[in-house]
Amino acid sequence: MITTEYRVTGMTCGHCELSVREEVEQIDGVEEIAVSAADGSLRVTSAGALDDAAVLEAVSEAGYAAVRV
């Protein structure tokens, strides 16, 4: 399993977290997602390497910006 961390800006509440989770979970290979508006973090666990661009695009689709940590 590979865990990749991202810093997400603009999240302020549980609904924000849910929006990000719903978009990221659509990416093939994603096994687990941990999102925290409190510290602006997103951890994505997958069986293999994920395409960073796909994760960043998913976060963008949810209405936020992210960078890999």
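Mentor: One definition before anything else: helices (H or I, at least four residues) and strands (E, at least two) are DSSP runs, numbered from the N terminus. This is a predicted model, where local features need pLDDT of at least 70, side-chain atom pairs count only at pLDDT 80 or more, and totals for chains, interfaces and linings use all residues. Residues are numbered from 1 along each chain as its sequence is written, and side-chain values use heavy atoms, with hydrogens and water left out.

Trainee: OK. How much helix and strand is there over residues 2-67?
Mentor: Over that stretch the chain is 32% helix and 36% strand, and the C-alpha atoms at its ends are 17 Å apart. The UniProt record, an unreviewed entry, puts the feature "domain: HMA" at residues 2-67. UniProt positions are in the numbering used here, feature names are shortened, and annotations may be inferred rather than shown by experiment.

Trainee: What's the strand order in the sheet?
Mentor: The order is β2-β3-β1-β4, an open sheet of four strands with antiparallel pairing. β2 and β4 are the edge strands, each pairing on one side only. Two strands count as paired if DSSP finds at least two bridges between them.

Trainee: And how are neighbouring strands turned against each other?
Mentor: By 25° on average, direction ignored. Axes here are lines fitted to C-alpha atoms, for helices over the stretch in contact, and angles run from 0 to 180 degrees between N-to-C directions.

Trainee: How many bridges join β1 to β3?
Mentor: Six, between β1 (residues 2-9) and β3 (residues 41-46). Ile2 has Ser46 as its bridge partner, and Arg7 has Ser41. On to β4 (residues 65-68): four bridges join that strand to β1, and there Val8 is partnered with Ala66.

Trainee: What about β2 and β3?
Mentor: Six bridges again, antiparallel. Their hairpin has four residues between the strands, and Gly40 takes a positive phi near 65° there. β3 is mostly covered, with five of its six residues buried. Buried means under 20% relative accessible area, exposed over 50%, and partly exposed in between (1.4 Å probe, protein chains only).

Trainee: Let's zoom in on Ser36. Where does it sit?
Mentor: In β2, residues 30-36. Ser36 counts as buried because its relative accessibility is 17%. Its bridge partner in β3 is Ser41. The Ser36 side chain also makes a polar contact of 3.0 Å with that of Asp39. A polar contact is a pair of N or O atoms within 3.5 Å; within protein, one must be able to donate a hydrogen and the other to accept it, and residues adjacent in sequence count only if both atoms are side-chain atoms.

Trainee: Which residues does Ser36 touch, not counting those up to four places away in sequence?
Mentor: Met11, Glu17 and Ser41. Contact means heavy atoms within 4.5 Å.

Trainee: What caps the N-terminal end of α2?
Mentor: Asp51, with a side-chain oxygen 3.1 Å from the backbone nitrogen of Ala53. After α2 comes Gly63, with a positive phi near 105°.

Trainee: Last one: what's Thr4 in contact with, beyond four places in sequence?
Mentor: Leu42, Arg43, Val44, Asp52 and Arg68. Thr4 belongs to β1 and counts as buried because its relative accessibility is 8%.
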